[in-house]
Amino acid sequence: MKKSLKYALFVAGMTSLPAMAHIGYTGRNFGTFDDTYAMSTRSGQAVTGNYGWIDGTDADYGDAHKTLAYRFTLLNPTDVTLSFRQTTSQVTDHSGNVSTSQLGLIPGFSLFQGLAHVAPMGADYDSSDISKANRPDYTEGSFRALNDWKIGNDPDTTNGIPAALSFFKYIGHAYDGTGFGSDGTADGMVSQTFMNLAPGDYSVFLGGADYLSQDASNPNLMSKYGVTGTLVAGVVPEPETYAMLLAGLGLMSAMVRRRRSSGNL
């Protein structure tokens with residue numbers, strides 16, 4: 001992230017930076033899937049800023065607070081297509097505040113095998129002691145968009161549970177736009193298919209892909225950008241498959257009618 005943004009945050013907070021949010025999947029759990037065709041959509045979500053994903057591609061990592069975490073579980077080896085598009089809707093943040101998200105998100109996302117800590121375990125966040133101890137001192141956060149990474153929680157002193165790390169194994173990524181490595185079309189939508197994913201838990205981290213929008217002079221620096229995510233699991237049946245299925249059902253129906261007719265003779 002640019003130094004001008006860091007300075008602006010320091011001036012705004014004077015003695016402390018704003019608290020970083022914890023990683024959670026509330027409203028963003030696509031569900032559990034086997035290798036049969038299924039689709040799941042999650043809407044009513046918004047990400048702060050238009051740079052959270054792409055900031056995780058540079059040398060000083062990124063702030064996980066500027067991304068949205070989604071999850072899903074596979075029971076069998078499965079093809080998975082993930083799609084995210086800009087949208088606008090009423091959204092509720094972690095404090096219960098309701099606002100209207102805006103259009104304009106340039107979406108980018110990375111898929112990882114692994115899951116952040118979920119209740120009753122304490123949630124993971126960038127500024128926990130164990131997170132900071134497991135990354136270089138110069139980084140802005142723990143998030144890495146193109147690499148394996150880890151982030152942790154606080155110890156549960158009440159129950160005597162020590163702090164622990166969550167590990168994310170990088171699978172792949174995609175982002176909207178016309179730049180190098182993008183999907184080639186700047187249309188506020190991005191989609192990618194991942195073939196034959198192994199059974200297990202997966203996390204998707206979604207954020208903006210406009211690196212320059214993190215400049216402190218950007219009037220939309222802290223704006224909320226709406227997004228709708230869709231997951232398609234399994235292989236979509238081809239039209240020919242549907243035709244063969246219908247033909248088979250028609251044949252079976254004819255056989256049943258013949259048997260019934262023979263029984264009535």
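Which residue's backbone oxygen lies 2.9 Å from a polar atom of the side chain of Gln-214?

Guide: That's Tyr-211: its backbone oxygen is 2.9 Å from a polar atom of the Gln-214 side chain. A polar contact here is a pair of N or O atoms within 3.5 Å; within protein, one must be able to donate a hydrogen and the other to accept it, and residues adjacent in sequence count only if both atoms are side-chain atoms. Bear in mind that this is a predicted model, where local features need pLDDT of at least 70, side-chain atom pairs count only at pLDDT 80 or more, and totals for chains, interfaces and linings use all residues. Numbering starts from 1 along each chain as its sequence is written, and side-chain values use heavy atoms, with hydrogens and water left out.

Gln-214 sits in the loop between β11 (200-208) and β12 (224-233). Helices (H or I, at least four residues) and strands (E, at least two) are DSSP runs numbered from the N terminus.

Another buried loop residue is Ser-101, at 3% relative accessibility, found between β6 (98-100) and β7 (107-113). Its C-alpha is 5.1 Å from that of Thr-88, 13 residues away along the chain. Leaving out residues up to four places away in sequence, Ser-101 touches Thr-88 and, among others, Lys-224, Tyr-225 and Gly-226, where contact means heavy atoms within 4.5 Å.

Follow β7 and you reach β9 (residues 165-175), its antiparallel partner over six bridges; strands pair if DSSP finds at least two bridges between them. Ser-110 stands opposite His-173 there. β9 also runs antiparallel to β8 (residues 149-152), with four bridges, and Ile-151 has Ser-166 as its bridge partner.

Now the nonpolar cores: sets of buried Ala, Val, Leu, Ile, Met, Phe, Trp, Tyr and Cys residues joined through side-chain atoms within 4.5 Å. The largest has 24 residues, and Phe-72, Leu-82, Phe-84 and Phe-109 have the most contacts inside it. Elements giving two or more residues to this core include β7, β11 and β12. A separate core of 16 residues includes Trp-149, Tyr-175 and Ala-209.

Arg-71 and Asp-201 form it at 3.9 Å, N to O. Arg-71 is in β3 and Asp-201 in β11, so the pair ties together parts 130 residues apart in sequence. Arg-71 counts as buried at 16% relative accessibility, whereas Asp-201 is partly exposed at 32%.

Zooming out, the chain has three helices and twelve strands, and 41% of its 265 residues are buried. Of the contacts between residues at least 6 apart in sequence, 78% join residues at least 24 apart.

Definitions and conventions
Buried means under 20% relative accessible area, exposed over 50%, partly exposed in between (1.4 Å probe, protein chains only). A salt bridge is a side-chain nitrogen of Lys or Arg within 4 Å of a carboxyl oxygen of Asp or Glu.
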